[in-house]
Amino acid sequence: MSAALVAGLVAGYGIAIPVGAVGTYLVALTARTSLRTGLAAALGVATADGVYALVAVLGGAAIAGVIAPFAEPLRLVSAAVLVVLAAHGALRALRSHRAPATRPVSPLGPGRAYVSLLGVTLVNPATVVYFTALVVGGRAGAAVPLLDQAVFVLAAFAASASWQAALAGGGALLGRVLTGRRGRLATALVSSAVITALAVRLVLT
């Protein structure tokens with residue numbers, strides 16, 4: 001069981017630590033809203049990672065065969081969703097900057113943040129392919145006890161959740177540092193540009 005725990009933690013951090021478009025959006029979202037919203041969004045990302053770890057454990061090599069024909073369309077969908085999120089964030093920041101102080105733009109709530117990040121992470125085929133490759137490669141033809149499978153999935157979820165929460169904490173710190181309207185506008189526009197660039201890169205790779 002300890003081996004499954006270590007394997008799950010390594011797998012979870014392995015997929016979570018590279019900060020791509022989703023991580024960038026998570027930091028920017030927390031900076032613009034609140035730590036509570038950022039943590040909800042972080043949990044959405046971790047939930048998707050946990051779901052795909054579970055799918056990989058249960059389905060094994062069969063999942064890779066099902067996903068492979070749809071990998072390119074799913075990659076395009078993921079990129080499109082990220083571009084929409086980037087544009088929405090930029091427009092929200094511009095609206096908030098131009099609106100009078102008496103009419104603030106309502107921030108994104110924790111529930112919507114959770115669902116948004118869960119959705120954009122679920123349509124990324126790289127996550128399930130990553131976990132499937134680890135699981136299938138690690139089995140080497142041997143049967144894995146059910147308890148070890150559960151430990152692997154929970155450890156992967158916990159690792160992803162802890163890293164995403166750290167990113168959200170960084171976003172909250174950034175939000176406190178850049179409390180001015182111009183600072184928030186600048187960081188929102190820069191983050192939207194970065195997210196868009198990463199989404200384009202996702203399509204081209």
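Is Thr121 buried or exposed? Keep that in mind as you open the model. This is a predicted model, in which local features need pLDDT of at least 70, side-chain atom pairs count only at pLDDT 80 or more, and totals for chains, interfaces and linings use all residues. Residues are numbered from 1 along each chain as its sequence is written, and side-chain values use heavy atoms, with hydrogens and water left out.

**Stop 1: Thr121.** Select residues 110-122, helix α6, where you will find Thr121. (Helices are DSSP runs of H or I with at least four residues, numbered from the N terminus.) Thr121 is buried, at a relative accessible area of 6%. Buried means under 20% relative accessible area, exposed over 50%, and partly exposed in between, using a 1.4 Å probe and protein chains only. Now show the side chain of Thr121: one of its polar atoms lies 2.7 Å from the backbone oxygen of Leu117.

**Stop 2: helix α1.** Next, select residues 2-16, the 15 residues of α1. From first C-alpha to last, α1 reaches 21 Å, close to the 21 Å expected at 1.5 Å a residue. Colour Ala4, Gly8, Ala11, Gly12 and Ala16, which are buried. Look down the axis: the buried residues of α1 fall within an arc of 120°, so they line one face of the helix. The arc is that of the directions from the helix axis to the C-beta atoms. On the face turned away from the buried side, find the exposed residues Ser2, Ala3 and Val10.

**Stop 3: Arg36.** Finally, go to helix α3, residues 35-59, and pick Arg36. Arg36 counts as exposed, at 65% relative accessibility.

Methods:
Helices (H or I, at least four residues) and strands (E, at least two) are DSSP runs, numbered from the N terminus. A polar contact is a pair of N or O atoms within 3.5 Å; within protein, one must be able to donate a hydrogen and the other to accept it, and residues adjacent in sequence count only if both atoms are side-chain atoms. The expected span of a helix is 1.5 Å times one less than its number of residues.
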